Structures are given as C-alpha cells and as structure tokens.
Amino acid sequence: MNDWLLRPTAAIDPTARAAARARQRQLTKPPGALGRLEILAEDFAGWQGRAVPRLERVDVCVFAADHGVAARGVSAFPQAVTGQMIANFATGGAAVAVLARAGDARLTVVNLGTVEPLPAAAGVLDLQLAPGSADFTLTPALTPPLLEAALAAGRARVDAAASLFIGGEMGIGNTTSAAAVLAGLLDVAPEAAIGRGTGVDDAGLARKREAIAAGLARHGGDWRALAGPERALAVLQRVGGLEIAALAGAFVAAAQAGVPVLVDGFITTVAALAACAINPGTRDWLLFAHRSAEAGHGRALAALEAEPLLDLGMRLGEGSGAVVALSLLRSALVVHADMATFADAGVADGGGGE
Ligand SMILES: O=C(O)c1ccc[n+]([C@@H]2O[C@H](COP(=O)([O-])O)[C@@H](O)[C@H]2O)c1
Ligand SMILES: Cc1cc2nc[nH]c2cc1C
C-alpha cells in the first residue's frame, strides 16, 4: 500500500551548514548584510552536504487534473481549460513554461486525469488515472486505489539527481478542493480557507463556501477521530484531488530522496501541509516561494510556520511563483560561491563577530 510514505526523510548535514556559515563571515560584506540570502545558502549547504552548494539541476513538474466539484459553479472558468492549458504548458506558451525556459529549469507536464481525454500531445506524460476527481459534495473525491496511484505518480516524478524540485498544478476548481483539504486538516471553517481562485464573484464565493460545507458535513465524520497520516490521507481521499495528492506524494518523496522543494502557491502549500501531516520530516526540506493573493494561503503558511520569500500578489499557480523565486535562490548561491573573501581581496575585515 502506501508504506513508502512513512519511510524516514533524508538527514540534513549540520557540519556543512556550519561551514557555509563560517564562509559567509569571510566574504567581503558586513556580517549578515546579505540577509536572507545568507540563510538560503546555509540551508542548501545543509541539504547538499557541502559548504559551497550549487543549483545544478532544477526540475519543475506541473500536475494537472479535473475536479468534479467544478460542476458546482465554483470557478470563473470552464472545466475544459484544464486540458487546454496542459497543451499550452507542453507547447511552451504558459507562464510557467516561459519562466522555466528563462530560468534554466526542466519542465515536465503530467496529466493525472481530465474529463475529456487529451489528444496525444508531445511533451505530456498522460497518465489519465480517472476522468478527474468526483464531486466531493456527493461522494468521496477519490477511491483509495486512486489516491494511492496519485501519490505514487507524484513520487515517480522525483529524481534524486535534482538539486531542487518545484511542483506546480493546474486544475479548474482546485482552489475549492484545496480549501476543503485545508479545512479538513486544520479543522477550520470554510470561510477561513476560501478565496476567489481564478476570480469568482460574490455568488461564486458563496457557492464555494457551500460546496466545502457540504463536503465537510458529508465526510468530516470519516476523519475527525483520526490523527497524523491516517487523517491526512482520509482528507485527501474524501475532498482532495489527483494533482493535490500527487504533489503531496512528490513532496514526501523529495524529502526522502534529499531533494529540497520550493513550494509555490495556495494549492501546493495545502499539498505540502498534507505531506507534512503524512510524514513530518518532510517539513525540513521545504522552502516557500511566495505568498499568494488567494485568501486562505496565509492560513496554510501559518500552520507550516512558513515565511515565504516573495509577496507579489500572484495567484496563478502552475508553479509560476516558485520559478520566479528560483532567481533569488540562484542569486543566494552564486554570491555565496563566487564572492571574494576578505583575505582574497585584501579588504580589512571588521575583526568582530556578528
Ligand atoms: O497557486 C495559487 O495560489 C492559485 C490561486 C488561485 C488560482 N490558482 C489556479 O487557478 C486554478 C484554480 O482556480 P479555480 O477558481 O478554478 O478554483 C488552478 O489551475 C490553479 O493553478 C492558483
Ligand atoms: C487561463 C488559466 C491559466 C491557469 N494556470 C493555472 N491556472 C489557470 C487558470 C486559468 C483560467
């Protein structure tokens, strides 16, 4: 079954982290003057087990799926957009594709299940596990075997040779599913978890709240007595979605493989919250790229004690915010690696500590 999910995550190397910190003090700048960039370099040193870490290969994987709950009128866009955007990722016109190209990251697109099967498209891994998830106001979103297959599909996209994994998602209706997962994991009211997604009006927002309330009323009893991994898996199965589960599986697998993850926006952060509930060691391998404009993201970030790098008012998903933040990581690691030390440059140091 899902035994792999509970296997230990990789260890962080405290010696390499300390060596990176010592190196930061020798670089030609006042101590701490590069702020959070210094911490990022130290984080990567601990993850990579070397004082001078490098971003050699960045993998971006966009997981796409349809959502039965879209039938409740919870999105500003028609369901067909999920499949249409999959093609746009593959042909390179979507934001994340453009950004990945510019940012020297490798993009993979995985279709986990759309209502309309995709025409064969070059560059898409078309798994089509099911025609999307079921409408969770009526039945569980996923069957247990589908949940297992989606988690495994995420795991299969993680390559231990990558220096960084970015998970993206695409799925019309998925802010409703993600909000339901968030509400289920944290036991918060739908109001605290929802936002306008692709831009629903007040009536659409009310339909989202009602759909989530109906989902919680129908399924909440199945998980309320549970805790830890059992609860997270029950929530994902009852009210989640294929791409949310795949992201959670990928995040756990990345932490187990020793590959750090740069988490994107609302849906991916909810998947990260589920991943950490399933396997708490996952948290040590997560960095958070940005604060999405989606109301509800703050709740998920707070639960993970995450302080994202950027706040740009983005709410696109796809992994786009994470690929934007990738340039910050590159800056952090290049100054750490290539700046002159006080000794190299013949610059007088301050003589003291931080
Ligand atoms: O990542 C985010 O923070 C985010 C916030 C709002 C919307 N989205 C994207 O918009 C789609 C879901 O919106 P909706 O309104 O259909 O639920 C889905 O494809 C997501 O990638 C993503
Ligand atoms: C056009 C469009 C692009 C997206 N990318 C991620 N979610 C999306 C939703 C829409 C509607």
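**Entry 1: strands S5 and S6.** I started with strand S5, residues 261-263, and found that S5 pairs with S6 in the parallel sense over three bridges. Looking across this pair, I noted that Val263 stands opposite Phe288 in S6. I keep in mind that the model is a predicted one.

**Entry 2: the sheet.** I then looked up where this pair belongs. Six strands form an open sheet, and I read their order as S3-S2-S1-S4-S5-S6, with parallel pairing. Which strands stand at the edges? I found S3 (124-126) and S6 (286-288) there; each has a single partner strand, so one side of each is left without a neighbour in the sheet. From one strand to the next, I noted an average twist of 25 degrees.

**Entry 3: the whole chain.** I listed 14 helices and six strands in the chain. Along the principal axes, the C-alpha atoms fill a box of roughly 70 × 45 × 40 Å. I checked the radius of gyration as well: the chain has 21 Å, and this agrees with a compact globule, because 354 residues in such a globule would give a value near 20 Å.

**Entry 4: domains.** I looked up how the chain is divided. Domain 1 takes 12-53 + 335-345, and domain 2 takes 58-330. I noted 33 Å between the C-alpha centres of domain 1 and domain 2. How many residues does each domain give to the contact? Domain 1 gives four residues and domain 2 gives five residues. On the side of domain 1 that touches domain 2, I recorded three nonpolar residues, one charged residue and no polar ones.

**Entry 5: ligand 1.** I went through the 24 residues around ligand 1 and noted that Ser75, Gly197, Gly265, Ser292 and Gly317 come nearest. By class, I have twelve polar, seven nonpolar and five charged residues in this shell. Which elements each supply at least two residues of the shell? I found strand S4 (164-170), helix H6 (174-186) and helix H11 (266-278). The largest share comes from H6, with three residues.

**Entry 6: ligand 2.** Around ligand 2 I listed Phe77, Val81, Met85, Met170, Thr198, Leu316, Gly317 and Glu318. I sorted this shell by class into five nonpolar residues, two polar residues and one charged residue. I noticed that Gly317 is on the list for ligand 2 and is also among the residues that come nearest to ligand 1.

How values were computed: Residues are numbered from 1 along each chain as its sequence is written. Chains are lettered from A and ligands numbered from 1 in the order in which they are written. This is a predicted model: local features need pLDDT of at least 70, side-chain atom pairs count only at pLDDT 80 or more; totals for chains, interfaces and linings use all residues. A residue is near a molecule or strand if its C-beta atom, placed from the backbone, lies within 6 Å of it. Ala, Val, Leu, Ile, Met, Phe, Trp, Tyr, Cys and Pro count as nonpolar, Asp, Glu, Lys and Arg as charged, and the others, Gly among them, as polar. Two strands pair if DSSP finds at least two bridges between them. Helices (H or I, at least four residues) and strands (E, at least two) are DSSP runs, numbered from the N terminus. Axes are lines fitted to C-alpha atoms, for helices over the stretch in contact, and angles run from 0 to 180 degrees between N-to-C directions. Domain bounds come from an automatic or database domain assignment. Two residues are in contact if their C-beta atoms, placed from the backbone, lie within 7 Å. The radius of gyration is taken over C-alpha atoms; the globule rule is 2.2 Å times the number of residues to the power 0.38.
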